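The questions below go with the structure shown here. Each answer works through a few steps and ends on what was asked.

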Amino acid sequence: MDINFELYKVFYYVAKNLSFSGASQELHISQSAVSQSVKLLEEKMNCRLFIRNTKQVKLTQEGETLFRHIEQAYNLIRAGERSIEEIHSLQQGEVRIGASDTICKYYLLPYLKKFNRLYPNIRIKVTNRTSPRCIELLKKGSVDVAVVNMPGTVEKTMRVDKVKTIHDVFIAGQNFAHLKRKKISLQELAQYPVLMLEKNTTTRNFIDTFLESKGVKIIPEVELGSVDLLVEMAKIGLGISLVVKEYIEKELSGSEVFMLNLREKIPARKLGVLTNNNIPLSVAAQKFVALLV
């Protein structure tokens, strides 16, 4: 098909905003021009790309398929533009990082501080999502680098640098002091109120798979999205929390919480720095990755 790139550009902004008026504002063209461009693209592709009514705009199945590809292409072009802007110096540009709140707080903060000190004119944009979601953003080119809890497998299009080993542990407060010097099995642990991270996170998927391999089913009393809250709830005796040992060394050195001694050893995991081999890294992103690995 011989289709003008400008038509794809208009389609991208309409699909991104799910709004003809939103695309008009971002592109600084009239809403009529947006509508005409979409109509022409639909004619050239011989299919409808949007379902339009007075209240909302939705992508058709063909539109969703096209958007997945156009989104990646657009982000690839933007990466090229940023690389050209930065090619002679690091006086401008940005690095886009995907990471969970927990990884940002307990692992990335020192690196963000150092990077900002070295390259004060580079904008740091952090998108906080779960590790699986960060990987999806990386695949689409919406972030330059994702720092994640490593899943079991990673697509071949991803470059992986494993940078830190972490250990999952169960902690409890003084309400459970009778467990402090006791070796406890997972089956015994299941009889107590257990607090865990919410489902659909890499950490939760990892521990659920581990428990299943041991023939143990633990239904959490509470599911949260914050490690900090898991620690605080353990402190006040609401239950036994699953957390990462390396993130709570300060708390473990005090007297409010202690680490349970499990009979079954939970395997160690890795934090990984992921980049997309299909999308060239900007100079700024290369510098940031170099700090981490």
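This is a predicted model: local features need pLDDT of at least 70, side-chain atom pairs count only at pLDDT 80 or more; totals for chains, interfaces and linings use all residues.

Q: What is the helix content of the chain over residues 3-60?
A: The end C-alpha atoms of this stretch are 20 Å apart.

Q: Which element gives the largest share of the lining of the largest pocket?
A: The largest pocket has a volume of about 500 Å³ and is lined by 20 residues. At least two lining residues each come from α1 (5-17), α4 (61-86), β3 (94-99), β4 (123-128) and α6 (131-140). The largest share, 6 residues, comes from α4.

Q: How many residues in the lining of the largest pocket are charged?
A: Tyr12, Asn75, Arg96, Lys125 and Ser142 are the lining residues nearest the centre of this pocket. By class, the lining of the largest pocket has 6 nonpolar and 3 polar residues, and the number of charged residues is 11.

Q: From which domains does the lining of the largest pocket draw at least three residues each?
A: The α4 helix (61-86) is one of the elements that supply at least two residues of this lining. Taken by domain, the lining draws at least three residues from each of domain 1 (5-80) and domain 2 (83-164 + 271-292).

Q: What is the volume of the largest cavity?
A: Rolling a probe the size of a water molecule over the atoms shows where empty space is left. The structure holds 1 cavity of 30 Å³ or more. The largest cavity has a volume of about 50 Å³.

Q: How many nonpolar residues are in the lining of the largest cavity?
A: The largest cavity is lined by Arg96, Leu138, Gly141, Val143, Asp144, Asn276, Ile279, Pro280 and Leu281. Of these lining residues, 2 are polar and 2 are charged, and the nonpolar count is 5.

Q: Is Gly239 buried or exposed?
A: Gly239 sits in the loop between α9 (227-235) and β11 (240-244). Beyond its neighbours within four places in sequence, Gly239 is in contact with Ile171, Phe176, Pro193, Leu195, Met233 and Ala234. Because its relative accessible area is 0%, Gly239 is buried.

Q: What is the C-alpha to C-alpha distance between Gly239 and Asn175?
A: In sequence, Gly239 and Asn175 are 64 residues apart. In space, their C-alpha to C-alpha distance is 8.7 Å.

How values were computed
Residues are numbered from 1 along each chain as its sequence is written. Side-chain values use heavy atoms; hydrogens and water are left out. Helices (H or I, at least four residues) and strands (E, at least two) are DSSP runs, numbered from the N terminus. Buried means under 20% relative accessible area, exposed over 50%, partly exposed in between (1.4 Å probe, protein chains only). Contact means heavy atoms within 4.5 Å. On a 1 Å grid over the protein atoms alone, a cavity is a set of points where a 1.4 Å probe fits but cannot get out, and a pocket is an open set with protein on both sides within 12 Å along at least five of seven lines; lining residues have an atom within 4 Å of a point. Grid points are joined across faces, edges and corners, and a volume is the space filled by probe spheres set on the points. Ala, Val, Leu, Ile, Met, Phe, Trp, Tyr, Cys and Pro count as nonpolar, Asp, Glu, Lys and Arg as charged, and the others, Gly among them, as polar. Domain bounds come from an automatic or database domain assignment.
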